[in-house]
Amino acid sequence: MSDFLFYLIAVFTAGCAVGVVANKNAVNAAMCLMLCLMGIASLFVLLDAYLLAALLVLVYAGAVVALFLFIVMLLDMQGGVKRPFRKMTALASTVALALMLVGVCMLRNRVSGGAAPTAALAAPVGTVLKNYAELLFTTYLLPVQIMGFLLLIAMLGVIVLSKKFEGMEDIK
Amino acid sequence: MNIGLNEYLALSGLLFALGFFGVLLRKNTLIIFMCLELMLVAATLALVAFSRFNGTLDGDVFVFFILTVAAAEVAVGLAIIVALFRRRQTVQVEELNALRN
């Protein structure tokens, strides 16, 4: 049952990722991104990381994709001239995709040849919230504080960026 | 249960490759940004899978931090794109060549 679910969700997620890349319309791409993130969240559930699945749905599928949609509709760039892809760009990106896929296949073959860590499934520690709290407030206390500062700095930066400065030189 | 670490890593690599492809191919800055997010999420999937199959929680905590950084990054990146659009009236990367000359 778990295997079937994994393959189902994997195909769904990969299909939505293709949709993000291939969609002409930015709104449709954002919707595909949201579905892809839901697929990843369900993979997290399969991996017993329930807290991370909930956080992914809240932060990514909720806030980030909503922000993307908001900006796409605000900028309204559906019009304008459609430029075709340059041959060189298409060729280079296809070669890059092929190289990365070959790399993944090589890694897979190599790992399954040796002693793979797949057989012995370790105990699921990610299901208990107390474990997260213990790590976050002991070992990773300093990174948590730094994250707080980072969010504050990001907020201030966004405020500065979206302010209008009069008399600034235009760089056209 | 015969779904192992390899399958998750392969899926993660596939998603990362697709995001990379999109970053290289697309012309719209917003879609490039979405593909960047896709790459970040693919990396988090690999981290969670490693963490699960090793029985430790450090990878999960790292994903926690990645989510925070990604939220901050999206806010700043979208603010930059909006500022760019206000100044240049376009978000197509081919027309953003102020540094070329």
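Begin by selecting chain A, whose secondary structure consists of six helices and zero strands. Followed from the N terminus, its elements read α-α-α-α-α-α. The model on display is predicted, with an ipTM of 0.91 and a pTM of 0.87.

**Stop 1: chain A as a whole**

Colour the residues of chain A by burial. Of its 172 residues, 19% count as buried. Among the contacts in chain A with a separation of 6 or more, 50% join residues 24 or more positions apart.

Next, select residues 1-78 and then residues 128-161 of chain A; the domain assignment names these domain 1 and domain 2. The C-alpha centres of domain 1 and domain 2 of chain A are 24 Å apart.

**Stop 2: helices α2 and α3 of chain A**

Select residues 26-46 for α2 of chain A and residues 50-75 for α3 of chain A. The axes of α2(A) and α3(A) are 9 Å apart, and the two helices pack at an angle of about 175°. Angles over 145 degrees count as roughly antiparallel, and α2(A) and α3(A) are therefore roughly antiparallel to each other.

Show the side chains where these helices meet. On the α2(A) side, the residues include A30(A), L33(A), L37(A), A41(A) and F44(A). Among their counterparts in α3(A) are Y50(A), L56(A), Y60(A), F68(A) and V72(A). By class, the contact of α2(A) with α3(A) has 22 nonpolar, no polar and no charged residues.

**Stop 3: the loop at D48(A)**

Move to the loop between α2 and α3 of chain A, where D48(A) is found. Most residues other than glycine have a negative phi. D48(A), although not a glycine, has a positive phi of about 65°. Is D48(A) buried or partly exposed? D48(A) counts as partly exposed, because it has 18 C-beta neighbours inside 10 Å, and a residue needs 20 or more to be buried.

**Stop 4: where the chains meet**

Display both chains and select the residues in contact between them: 75 residues of chain A touch 63 residues of chain B. On the chain A side, α1 (2-22), α2 (26-46), α3 (50-75), α4 (87-113), α5 (129-137) and α6 (141-161) each supply at least two residues. Which helix gives the most to the side of chain A that touches chain B? That helix is α4(A), with 13 residues. By class, the side of chain A that touches chain B has 60 nonpolar, ten polar and five charged residues.

**Stop 5**

The mean pLDDT of chain B is 88, and 97% of its residues reach 70 or more. Confidence in chain B is lowest in helix α1 (residues 5-25), at a mean of 89, and highest in α2(B), at 92.

Select α2 (residues 29-54) and α3 (residues 58-88) of chain B, whose axes come within 9 Å and cross at roughly 175°. The helices α2(B) and α3(B) are therefore roughly antiparallel to each other. Residues of α2(B) in this contact include F33(B), E37(B), L40(B) and V48(B), while those of α3(B) include D60(B), F62(B), I66(B) and I81(B). The residues of the contact of α2(B) with α3(B) divide into eleven nonpolar, five polar and three charged.

**Stop 6: Q89(B)**

Finish at Q89(B), found in the segment after α3 of chain B. Although not a glycine, Q89(B) has a positive phi of about 60°. Q89(B) is exposed, because 12 other C-beta atoms lie within 10 Å.

Technical notes. Residues numbered from 1 in each chain as written. Chains lettered and ligands numbered in written order. Predicted model: local features only at pLDDT ≥ 70, side-chain atom pairs only at ≥ 80, totals over all residues. Helix = DSSP H or I, 4+ residues; strand = E, 2+ residues; numbered from the N terminus. Contact = placed C-beta atoms within 7 Å. Axes fitted to C-alpha atoms, helices over the stretch in contact; angles between N-to-C directions. Parallel < 35°, antiparallel > 145°, perpendicular 65-115°, else oblique. Nonpolar A, V, L, I, M, F, W, Y, C, P; charged D, E, K, R; others polar. pLDDT = per-residue confidence, 0-100. Domains from an automatic or database assignment.
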